[in-house]
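Here is a friendly note to read alongside the model. Please keep the structure open and look up each residue as it comes.

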Amino acid sequence: MAVPARTCGASRPGPARTALPWPRRGPRPGVRSPASGSPRLLLLFLPPLLLLPLLAAPGASAYSFPQQHTMQHWARRLEQEIDGVMRIFGGVQQLQEIYKDNRNLFEVQENEPQKLVEKVAGDIESLLDRKVQALKRLADAAENFQKAHRWQDNIKEEDIVYYDAKADAELDDPESEDVERGSKASTLRLDFIEDSNFKNKVNYSYTAVQIPTDIYKGSTIILNELNWTEALENVFTENRRQDPTLLWQVFGSATGVTRYYPATPWRAPKKIDLYDVRRRPWYIQGASSPKDMVIIVDVSGSVSGLTLKLMKTSVCEMLDTLSDDDYVNVASFNEKAQPVSCFTHLVQANVRNKKVFKEAVQGMVAKGTTGYKAGFEYAFDQLQNSNITRANCNKMIMMFTDGGEDRVQDVFEKYNWPNRTVRVFTFSVGQHNYDVTPLQWMACANKGYYFEIPSIGAIRINTQEYLDVLGRPMVLAGKAAKQVQWTNVYEDALGLGLVVTGTLPVFNLTQDGPGEKKNQLILGVMGIDVALNDIKRLTPNYTLGANGYVFAIDLNGYVLLHPNLKPQTTNFREPVTLDFLDAELEDENKEEIRRSMIDGNKGHKQIRTLLKSLDERYIDEVMRNYTWVPIRSTNYSLGLVLPPYSTFYLQANLSDQILQVKYFEFLLPSSFESEGHVFIAPREYCKDLNASDNNTEFLRNFIELMEKVTPDSKQCNNFLLHNLILDTGITQQLVERVWRDQDLNTYSLLAVFAATDGGITRVFPNKAAEDWTENPEPFNASFYRRSLDNRGYVFKPPPQDALLRPLELENDTVGILVSTAVELNLGGRTLRPAVVGVKLDLEAWAEKFKVLASNRTHQDQPQKCGPNSHCEMDCEVNNEDLLCVLIDDGGFLVLSNQNHQWDQVGRFFSEVDANLMLALYNNSFYTRKESYDYQAACAPQPPGNLGAAPRGIFVPTIADFLNLAWWTSAAAWSLFQQLLYGLIYHSWFQADPAEAEGNPEARESSCVMKQTQYYFGSVNASYNAIIDCGNCSRLFHAQRLTNTNLLFVVAEKPLCSQCEAGRLLQKETHCPADGPEQCELVQRPRYRRGPHICFDYNATEDTSDCGRGASFPPSLGVLVSLQLLLLLGLPPRPQPQVHAHASHRP
């Protein structure tokens, strides 16, 4: 029974509408217009229709919404038309025959997952073991050098000769401390050579020294440190002689001195250099065992003004000394204690959790009276909670206060004595006249340490020196604690990129005299870097296929290797922590795999899982085989992921040199006009091949090199070269057998193409290459990877941003890719070595789409509907009343019968028709998948009204100027506020445009983006439904097109705005709170394991040294000169706001 066309307004009677000629635009030069008489325009339907002109549509007085069987008929027409074009032009069957005809030119090799992953794990183990041996030599030598060194009380700067890595930068800076007072040290001036391995200029004959800005280079401690560490230079050099692949070798001293090899100038920032080796992730991990820490902050009424600000800053600095192996919570107390954030128990000290703490600490307000008992009881209860995940090693309480008289001995007797398993560190903050004896007693009575933070200059040093205390059990444990640890991934401060570091603690072996107790101080940490790229080189590159890959994770579940590890911005102060379950789309199977890998087990599992496409627009449901093994002698585990179709791969065997030359000629640009344009994947075919981002230039470089060497040359990768040349010949035969004799224009095709595992992308005809925008590396092309994972024809409309101007349709510029994989079955072994496809002319196929979804039979004109007859609407005659569209599996518009929507092809359909897309989603045609991108980069946006912005610096009053105490505290705080802003926002004051342009950090910062993708739901059948909008209800019909990724939708066009319901969002959005709610996530922490050893207790530990004030004085020249700049009335620094816009990945 026919359904009325509308319930809101009747069908539109009126004058006849004239159908547009087909196609709308005129023919291109040298191309026959489809309307001019092509009998092959519709391959399987209606050939006579296209020979005759289209006539005007009749008056419509009795049109009804098409019935289900009618639309199913249209769908079959569309399916057969698509299949017909792809059979003729795609050349799948022909390419299969070509491969079989050339069977003698290649072999089929097998990927054996277990053998592969074990081999790679063994190679990585061998690589790291060589670094371990070098580390041990360095640590042993350092301990012996320091033990033999004689302390010199009267040592002078002029007695020490070394290369100061920051000397060049300081000489260029007229405000530098050393320039102002004149450096007395004998600083070497070195020559450097460019070294590609280090991505830097280096000098292999010397080491370089970096000393933090806030440490005085001329102090006796520093000069003695420089004196004895000079001997390490010879060990560094010998290590490199034994292993030329070694990268940075570094000794980080507990005094803050860094000596590294080879020498290179320090990469000083444009502003203040705040680098301190003791705050680097690798040093923190190597200097002590994991920690459970509770920080309690006194917020009683006496703690106000600058003292409270000092406390807030101190807590933030303390948090920066923690790594992902540590657990922490922060609470404030007066009469009562309460957590400063939403975290009610210890949480992992990862980047995101620490950020929550730092933001929460800024909201602390001073009021009430001091209640140490409340604070300590809260802290002990936190540490005794065994129902949560925690480090279960060093336990400590860090208390920040301005002073008090209560010693809370009863609390310690109840919770901590006599075993004293919890260390207590107390910090007296600010300048006051309180008796600090109780604070000293608390620390000394609980194996801790007492520190004083009177002003801003003492914060950084005194919030990190507790590590010396925690290192005592390690030193006393001796050889048992001399175990190499490997870090998380982090950004190298000297420009190597992403690295991991092997660390080994260096102990003080001196004794004060015969029979004296063993020294229990840690001297520092020795480290050797390994670039991630060096580890990647040990993994198979191209034999795993486009969708196979190797990955590795650590005990925290963070990825060391993964194709999705691509941080858009890196901050050398923080490790790069991407969890395996965030690198991929999380599911229960992957949770099990992750747990097994962390536990150091072997395993294999085939799973069905969801996969995000390379362009992050689509979700595919795929089969994957996961195989994993531990990497012995490390904390890492290695995994291999293979699709079933990548079990086998082709290996070319081109022993015939005449054939090599013949095929190679098809790579020459002179052959492109007849054979089609060839793009070659920019791979490392030979050592001397110059890389280029321009594929034309890269091809030219490749051809020039091949004229000098042969594919069998030892300097070349024979596997890659032979496969490339073979695929060049294979795809040329496809041109010869199929493409060259076909008239693409007759079928409204802009191009045909083939891409292969061997790295060839051939586009025919040659002129079509001008508009080819796909990645020349097939393994990095979204269409290629999706075609391998999806059977049938995969449509890919050109991507569009809804915020951009409408696309201007021009001849030969707008096309829709349709691709499909070529599957071979060779002796029972199945593989997919290539993808073929066509590029449809958008406008011509939109007109063809109308005709195929119409009621034309075998006549030359649209169906007439007389005044007394009853007709169904179709997509051609009734396009003013009926909306007909093809939408792909990601919800993006592919084709429409509405001419005004042609410039919206490629947009998410909710941006075209929000009401209809919501109905499709609600009726299970689409399923939504939400995930978070933790590696995104967002552009900072300054506030629009600077006059209303909060003041960025502390502004002193006249009374402050007259107060001497202010000059030692308030002025210092004013300076540090700018220091803190520099830490957070990467620049001082307001960066000028030139500086911002040259500094990526001034433009972007890391952020979390929420991603939403849609994919086909459970509905496969034809489906009719009604969108209920009161008087504006709409009928629609939707049906999947067989053997494609398309959904065919026919719907009434909306007449009333009331039907505009909620709009589905697909565009990536910024998460102000850094992703999913952290307070909820910590309630269900992911599985992890800490290091398998713990050194938190030794019976021989001497705890008598338990309290003092600041250690080294800060560099006063820097403090005074910069403070004077602030006092001269520089404008305040507005805090930048994060603009919700993510930078796109290449």
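1. Let's begin with C393: at a relative accessible area of 2%, C393 is buried, because buried means under 20%. Keep in mind that you are looking at a predicted model.

2. C393 has a partner. A disulfide joins C393 to C1094, with 1.8 Å from S to S, and the link is right-handed, with 95 degrees about the S-S bond. The two cysteines sit in distant parts of the chain, 701 residues apart: C393 is in the loop between α11 and β14, and C1094 is in the loop between α32 and α33.

3. How many disulfides does a search of the whole structure find? There are 5. One of them pairs C342 with C1079, their sulfur atoms 1.6 Å apart. C342 lies in the loop between β12 and β13 and C1079 in helix α32, so this pair ties together parts 737 residues apart in sequence. The link is left-handed, with -80 degrees about the S-S bond.

4. Another disulfide joins C875 to C884, 1.9 Å from S to S. Its torsion is about -85 degrees, so it is left-handed. Both C875 and C884 are buried.

5. Now turn to helix α7, residues 232-242, where L232, E233, V235, F236 and N239 are buried. Seen down the axis of α7, these fall within an arc of 165 degrees, so they line one face of the helix. The face turned away from that buried side carries the exposed residues N234 and R241. Among the elements covering the buried residues of α7 are α3, α6 and β20.

Terms used: Residues numbered from 1 in each chain as written. Predicted model: local features only at pLDDT ≥ 70, side-chain atom pairs only at ≥ 80, totals over all residues. Heavy atoms only, no water. Buried < 20%, exposed > 50% of the residue type's maximum accessible area, 1.4 Å probe, protein only. Helix = DSSP H or I, 4+ residues; strand = E, 2+ residues; numbered from the N terminus. Arc of directions from axis to C-beta. Contact = heavy atoms within 4.5 Å. Disulfide = S-S within 2.5 Å.
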